[in-house]
Amino acid sequence: MSRGGTPADGGRPDEPAEPVPPVADEEAYSVEEEDEVAARLEALGYLD
Amino acid sequence: MASSATASRAVLIGLDCGTPELLFERYADDMPTLSDLRRRGVWGPLKSTEPPLSIPAWLSMLSGLTPGELGVYGFRNRTDHGYGGLAFATSRSVRVPRVWDLAGQAGRESVLVGVPGTYPPSAVRGCMVSCFMTPSTDAQFTFPAALGEEVQRVTGGYTIDVTGFRSDDKARVAQQVFDMTEQRFALARHLATTREWDFLAVVDMGPDRLHHGFWRHCDPSHPRHRPGDPYEHLVRDYYRALDRHLAGFLEVLPDAAAVVVASDHGARPMMGGFCLNEWLVREGLLRLAAPPAGPTPIARARVDWSGTTAWGDGGFYGRVFLNVEGREPQGTVPARDYARVREQLAGKLEALADHQGRPMGNRVLYPEALYPEVQGLAPDLIVYFGGLAWRAVGSLGLGQGLYTFENDTGPDDANHSEHGVLVAAGDGLGGGRREDLSIYDVAPTLQSLLGLGRSAGQRGRELA
């Protein structure tokens, strides 16, 4: 299937692109920030 | 304010966990504004994604692609075939355009508030306040960054999400939910009237948080419902308040703007939790190097991987991973036996009984059968215990057998259900109630309203 990049990375919707890689993105959070989000979601029952 | 007096404009009001049985039935008379939108437009239950979970569902709703195509199967996803656990899906996990990306490409402006899957905030033609997965307002939570100060000033301190949710102080938690919803709509009003926009999307997490924390109080069918308790009418009162906020927001929108109210999934009463990994241990499929001393998440359990066939991750649905030779570091299932072992395991899961010996009615799903593509690292099996009447407990060592009814693994009031809501009103949107609405219809409909074409591979239909 054809898959495009986002405007931010210069892609166009009709451009073939690489398959989506695994969703890891360690840069999005520091360790403390990830713990904060995890604790909040765990309390809500989303994580177990 | 709108960016053009003549261009079409569209507004998405997202209600996370908005449930058809509540919004269209039980509290329909308490929500005159929403009911009026229904009378003027097209509406009905909205079939969610598989699984019906906020992050994959909102990503799918606003891209028109399935979780398999996105490679996002939950809040957290495997990053490799090791045993090291799972990592959060964030905005950077999304490699396909969403509605606002397409609008920006066409020179149209967007205002986005709280749309799940937008942390860390990214560049957008317009502005963005990121979602509930923002760690705190100490992090950059807006685009442009300078918007953050304005948001803090307008809201008197922006609430990202409800905190301290497992508190016994129910009154405080309830007040936080009411306040958060009021604040979301106030901010949406402010940005709607001070920014140029063609597409405006605001998502409120309040309904989801209220349902998870208070469902049993309002639903007589919940096993722990107690008539006459102090919170019996809390959910009704919340929806009355939400409808007033909705009315106040609609007042400031241009008459010509199309309005779409949508939710990512619904809610249903939760009967309890099924201890997935405890069961795998008992079946001889998961071997522990040492028994846990107390409640222990699977990621911290001492697992003997060389003797393990499968393990699971919990939450509102179950994910099962097979330990495959040549794929996992200490795989034990020969690749040639993968299909047979997986099928046997699926059969056992489907045959499980509940705590009273009755069939649980589990649904076991194969990713490759659900999705046209399976990107990233999907679970080998997706399990809805009791058709989502039971949560999946991944932790070991709870000491309660296979079934748990206590609240020590998270709220047990509500689980997710497979239908959310859609109400869409505006030029070209009509026809009343429909039973065939899909979450994949939302993006193409918004794009059609905005005069944008479909993006590659996008599913669903234009309702306008």
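This note walks through a predicted model, point by point, for someone meeting the structure for the first time.

1. **Confidence overall.** The model as a whole scores ipTM 0.87 and pTM 0.93. For chain B the mean pLDDT is 94, with 97% of its residues reaching 70 or more. Chain A averages a pLDDT of 60, and 46% of its residues score at least 70. Within chain A, residues 1–25 have a pLDDT below 50, although in the model this stretch has 67 contacts beyond near neighbours in sequence. Where pLDDT is low, the predicted coordinates should not be read in detail.

2. **Chain A in brief.** Chain A has 48 residues, of which 38% count as buried. How many helices and strands does chain A have? The secondary structure comes to one helix and zero strands. The remaining points turn to chain B.

3. **Strand S1 of chain B.**

4. **The partners of S1(B).** Which strands pair with S1(B)? One is S8(B), residues 199–204, joined to S1(B) in the parallel sense over six bridges. Here B:Leu12 has B:Ala201 of S8(B) as its bridge partner. Another is S9(B), residues 258–262, which runs parallel to S1(B) and is linked to it by five bridges. In this pairing B:Ile13 stands opposite B:Val261.

5. **Helices H7 and H9 of chain B.** H7(B) packs against H9(B), residues 234–251, at an angle of about 10°, and the two axes are 9 Å apart. Because angles under 35 degrees count as roughly parallel, H7(B) is roughly parallel to H9(B). The H7(B) side of the contact includes B:Val177, B:Phe178, B:Thr181 and B:Phe185, and the H9(B) side includes B:Tyr238, B:Ala241, B:Leu242 and B:His245. Sorted by class, the contact of the two helices has 10 nonpolar, three polar and two charged residues.

6. **A closer look at B:Thr181.** This residue lies in H7(B), which spans residues 170–194. Is B:Thr181 buried or exposed? B:Thr181 counts as buried, because it has 23 C-beta neighbours inside 10 Å and 20 or more is the cut-off. Leaving aside residues up to four places away in sequence, B:Thr181 touches B:Asp204, B:Gly206, B:Ala241, B:Leu242 and B:His245. For a sense of scale, B:Asp436 is 255 residues from B:Thr181 in sequence and 29 Å from it in space, C-alpha to C-alpha.

7. **An antiparallel sheet of four strands.** Chain B also has an open sheet with the order S12-S13-S15-S14 and antiparallel pairing. Its edge strands are S12(B), residues 310–313, and S14(B), residues 363–365, each pairing on one side only. On average, neighbouring strands of this sheet are turned by 25° against each other, direction ignored.

8. **A mixed sheet of three strands.** Another open sheet of chain B has the order S16-S11-S17, with mixed pairing. S16(B), residues 390–393, and S17(B), residues 403–404, stand at the edges with a single partner strand each, so one side of each is left without a neighbour in the sheet. S11(B), residues 272–275, pairs with S16(B) in the parallel sense over four bridges. One of the facing pairs is B:Phe274 with B:Ala392 of S16(B).

9. **Strands S5, S6 and S7 of chain B.** S5(B), residues 110–113, and S6(B), residues 126–129, run parallel and are joined by four bridges, with B:Cys127 as the bridge partner of B:Val111. S6(B) pairs with S7(B), residues 142–143, in the antiparallel sense over two bridges. There, B:Met128 has B:Phe143 as its bridge partner.

Note on methods. Residues are numbered from 1 along each chain as its sequence is written. Chains are lettered from A and ligands numbered from 1 in the order in which they are written. This is a predicted model: local features need pLDDT of at least 70, side-chain atom pairs count only at pLDDT 80 or more; totals for chains, interfaces and linings use all residues. pLDDT is the predictor's confidence in each residue, from 0 to 100. Two residues are in contact if their C-beta atoms, placed from the backbone, lie within 7 Å. Two strands pair if DSSP finds at least two bridges between them. A residue is buried if 20 or more other C-beta atoms lie within 10 Å of its own, exposed if 12 or fewer, and partly exposed in between; C-beta atoms are placed from the backbone. Axes are lines fitted to C-alpha atoms, for helices over the stretch in contact, and angles run from 0 to 180 degrees between N-to-C directions. Angles under 35 degrees count as roughly parallel, over 145 as roughly antiparallel, 65 to 115 as roughly perpendicular and the rest as oblique. Ala, Val, Leu, Ile, Met, Phe, Trp, Tyr, Cys and Pro count as nonpolar, Asp, Glu, Lys and Arg as charged, and the others, Gly among them, as polar.
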